[in-house]
Amino acid sequence: MLSISDYIRIILKKKNMTNMDLVRKINKIEEEAGVEERTKKQNITSYLNGYQSWGYEFVRKVEVALELRDGFLMRMLGKPKTRESRKRYEEIMNKYRVKK
């Protein structure tokens with residue numbers, strides 16, 4: 001079974017994008033959402049190489065940056081189990097939107 005990292009690598013290759021292209025798109029999404037922190041190339045590399053665990057928010061940013069359909073990568077993380085995590089999941093889904 002392919003991991004989220006494997007899928008992202010495949011999609012990047014298919015779209016002829018580099019990790020830096022992805023970083024730029026994520027940073028634009030963060031700026032539009034009013035997030036002050038910015039993603040660095042090292043962050044992407046850490047996630048793709050398995051040094052960092054994927055979380056809902058970062059996966060959602062990648063999903064939007066790659067213009068994938070809603071939930072494509074998010075479903076790979078599994079459904080949130082607690083009420084608070086379900087609420088956070090919904091907030092993240094609404095905060096970052098794929099542009100049509």
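Modeller: Here we go through the aromatic pairs and then the salt bridges of this predicted model.

Biologist: Great. How many aromatic pairs does a search of the whole structure find?

Modeller: The search turns up five aromatic pairs. One of them is Y7 with F72, where the ring centres are 5.9 Å apart and the planes stand at 90 degrees, so this pair is edge-to-face.

Biologist: Where do Y7 and F72 lie?

Modeller: Y7 belongs to helix α1, residues 4-14, while F72 is in the loop between α4 (56-65) and α5 (83-95). The pair therefore ties together parts that are 65 residues apart in sequence.

Biologist: And what is the relative accessibility of Y7? What about F72?

Modeller: Y7 has 29% relative accessibility, so it counts as partly exposed. F72 is at 24% and also counts as partly exposed.

Biologist: Okay, how do the planes of Y47 and W54 sit in their pair?

Modeller: That aromatic pair is tilted, with 35 degrees between the planes and 4.7 Å from centre to centre.

Biologist: Are Y47 and W54 buried or exposed?

Modeller: Both Y47 and W54 are buried. Ring pairs also join Y47 and W54 with F58 in a cluster.

Biologist: Nice. Switching to charges now: how many salt bridges are there?

Modeller: The count comes to eight salt bridges. Among them is the one between the side chains of D6 and R9, at 3.6 Å from N to O.

Biologist: How are D6 and R9 placed in helix α1?

Modeller: They are three residues apart in helix α1, so about one helical turn separates D6 from R9. D6 is partly exposed at 28% relative accessibility, and R9 is partly exposed with a relative accessible area of 35%.

Biologist: Which salt bridge do the side chains of R88 and E57 make, in terms of N to O distance?

Modeller: R88 and E57 meet at 2.6 Å, N to O. This pair links distant parts of the chain, since R88 is in helix α5 and E57 in helix α4, 31 residues apart.

Biologist: What about R88 and E91?

Modeller: Those side chains form a salt bridge too, at 3.5 Å from N to O. R88 and E91 are three residues apart in helix α5, so they are separated by about one helical turn.

Biologist: Which residues end up linked in a network of salt bridges, then?

Modeller: E57, R88 and E91 are linked in that network. E57 is partly exposed at 23%, R88 is partly exposed at 36% and E91 is partly exposed at 38% relative accessibility.

Methods: Residues are numbered from 1 along each chain as its sequence is written. This is a predicted model: local features need pLDDT of at least 70, side-chain atom pairs count only at pLDDT 80 or more; totals for chains, interfaces and linings use all residues. Side-chain values use heavy atoms; hydrogens and water are left out. Rings of Phe, Tyr and Trp (its six-membered ring) pair if their centres lie within 6.5 Å; planes under 30 degrees apart count as stacked, over 60 as edge-to-face and the rest as tilted. Helices (H or I, at least four residues) and strands (E, at least two) are DSSP runs, numbered from the N terminus. Buried means under 20% relative accessible area, exposed over 50%, partly exposed in between (1.4 Å probe, protein chains only). A salt bridge is a side-chain nitrogen of Lys or Arg within 4 Å of a carboxyl oxygen of Asp or Glu.
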